[in-house]
Amino acid sequence: MSPPARKLSVTMPVAGVHHCPGDLASACCPGCDHHLGLTQPESEEPARLIGTCPECGRWYLLDWHPGSSEGLMVLLPDHQDLLRIFRALGMTGPCSEGHDGGGPSASG
Ligand SMILES: [Zn+2]
């Protein structure tokens, strides 16, 4: 049985898509101006993208058709942010279960 999910409140900055200079078909990192690597998780939703910055490690949720001048990007919390949030909730971290929690599984 998995523990009930908790709700957490996170402030995530949102902005218009930060286009790379002279290129409406690509997005750049607002933090460091490096080209973002774009991933489209769902083939039928071409405007739902995840952008990752190979330079500074930030990652973004994008609602944007590449090539369009309009679109939104949301800065997602990184690993350290998530750990801080989990600790603030009194949780030890996203990987806190599964080691020797004393579950019903037979140990060998
Ligand atoms: Zn960056």
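User: Which residues is Leu 8 in contact with, leaving aside its neighbours within four places in sequence?

Analyst: Two residues are in contact if their C-beta atoms, placed from the backbone, lie within 7 Å. The model examined here is predicted. In this model Leu 8 belongs to the segment before β1 (14-16), and its C-alpha atom is separated by 9.7 Å from that of Ala 88, 80 residues apart along the chain. Once neighbours within four places in sequence are set aside, the contacts of Leu 8 are Ile 85 and Leu 89.

User: Which strands stand at the edges of the open sheet?

Analyst: Five strands form this open sheet, with antiparallel pairing and the order β1-β7-β6-β5-β4. Each edge strand has a single partner strand, so one side of each is left without a neighbour in the sheet; these strands are β1 and β4 (37-39).

User: What is the average twist from one strand to the next?

Analyst: The open sheet has the order β1-β7-β6-β5-β4. From one strand to the next, the twist averages 30°.

User: Which residue in β6 stands opposite Thr 52?

Analyst: Strand β5 (residues 48-52) pairs with strand β6 (residues 59-64) in the antiparallel sense, over five bridges. In β6, the residue opposite Thr 52 is Trp 59.

Terms used. Residues are numbered from 1 along each chain as its sequence is written. This is a predicted model: local features need pLDDT of at least 70, side-chain atom pairs count only at pLDDT 80 or more; totals for chains, interfaces and linings use all residues. Helices (H or I, at least four residues) and strands (E, at least two) are DSSP runs, numbered from the N terminus. Two strands pair if DSSP finds at least two bridges between them. Axes are lines fitted to C-alpha atoms, for helices over the stretch in contact, and angles run from 0 to 180 degrees between N-to-C directions.
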